[in-house]
Amino acid sequence: LVVYHLKDRFYVNKKTGVSTTYTEMIIDSIEKHGTVSEGRQPYINKCYFQGILLDAYEVPAAHGIYIVDMLRNNPETHVNEHFKFYAYGTLGEMIKQRFPKGKEAIVEYKLEKSKRENEDGKAEYFVNCVIESMT
């Protein structure tokens with residue numbers, strides 16, 4: 001089990017002056033759990049986020065897929081950080097109806113990898129944060 005937090009990093013190219021932002025996963029602790037009967041390590045993919053709900057809306061081109069925008073103030077940098085989560089089906093509809101904008105909430109989510117082909121046939125890989133529950 002790996003416990004980590006996200007940290008934004010900024011890089012400025014000194015030649016061009018163009019800045020790039022990327023998010024790093026900083027490991028806080030690692031706990032080793034016993035193996036299952038087949039001799040494999042158990043797989044755990046669960047994360048938590050606490051912040052303020054900005055908006056929840058259905059993706060216009062995809063029925064049943066919702067985007068949930070949230071905001072939190074980073075305690076280290078005191079800078080507001082924006083996060084985007086995905087919710088599917090009835091869970092997304094429930095979040096849209098029951099959670100008012102501006103309300104603080106705790107999101108339990110998992111990381112989901114996906115692959116899409118762009119117009120020129122090249123594969124693009126994504127990691128999405130998919131909501132499992134929200135309180």
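A pocket, on a 1 Å grid over the protein atoms alone, is an open set of points where a 1.4 Å probe fits, with protein on both sides within 12 Å along at least five of seven lines; its lining residues have an atom within 4 Å of a point. By this definition, the second largest pocket is lined by 17 residues, of which Leu6, Thr23, Phe83, Lys84 and Cys129 lie nearest its centre.

The model is predicted: local features need pLDDT of at least 70 and side-chain atom pairs count only at pLDDT 80 or more, whereas totals for chains, interfaces and linings use all residues. Residues are numbered from 1 along each chain as its sequence is written, and side-chain values use heavy atoms, with hydrogens and water left out.

**Overall architecture**

The protein chain contains one helix and seven strands, in the order β-β-β-β-β-α-β-β from the N terminus. Helices (H or I, at least four residues) and strands (E, at least two) are DSSP runs, numbered from the N terminus. The radius of gyration, taken over C-alpha atoms, is 18 Å, while a compact globule of 135 residues would have a value near 14 Å; the globule rule is 2.2 Å times the number of residues to the power 0.38. Of the 135 residues, 22% are buried, that is, under 20% relative accessible area with a 1.4 Å probe and protein chains only; exposed means over 50%.

**Helix H1**

Helix H1 spans residues 89-98, and its buried residues are Leu91, Gly92 and Ile95. These residues lie on the same side of H1, because they cover an arc of only 100° around the axis; the arc is that of the directions from the helix axis to the C-beta atoms. Thr90, Gln97 and Arg98 are exposed on the other side of H1. The cover over the buried residues includes strands S3 (47-58), S4 (65-73), S5 (80-88) and S7 (123-134).

In the table, a volume is the space filled by probe spheres set on the grid points, which are joined across faces, edges and corners.

| Pocket | Volume | Largest share of lining |
|---|---|---|
| Largest pocket | about 580 Å³ | S1, five residues |
| Second largest pocket | about 370 Å³ | S5, six residues |

The largest pocket is lined by 20 residues, and Val2, Val3, Tyr4, Lys46 and Cys47 lie nearest its centre. Strands S1 (2-12), S2 (19-30), S3 and S6 (104-117) each give two or more residues to this lining. For the second largest pocket, S1, S2, S5, S6 and S7 each supply at least two lining residues.

Technical notes: Contact = heavy atoms within 4.5 Å.
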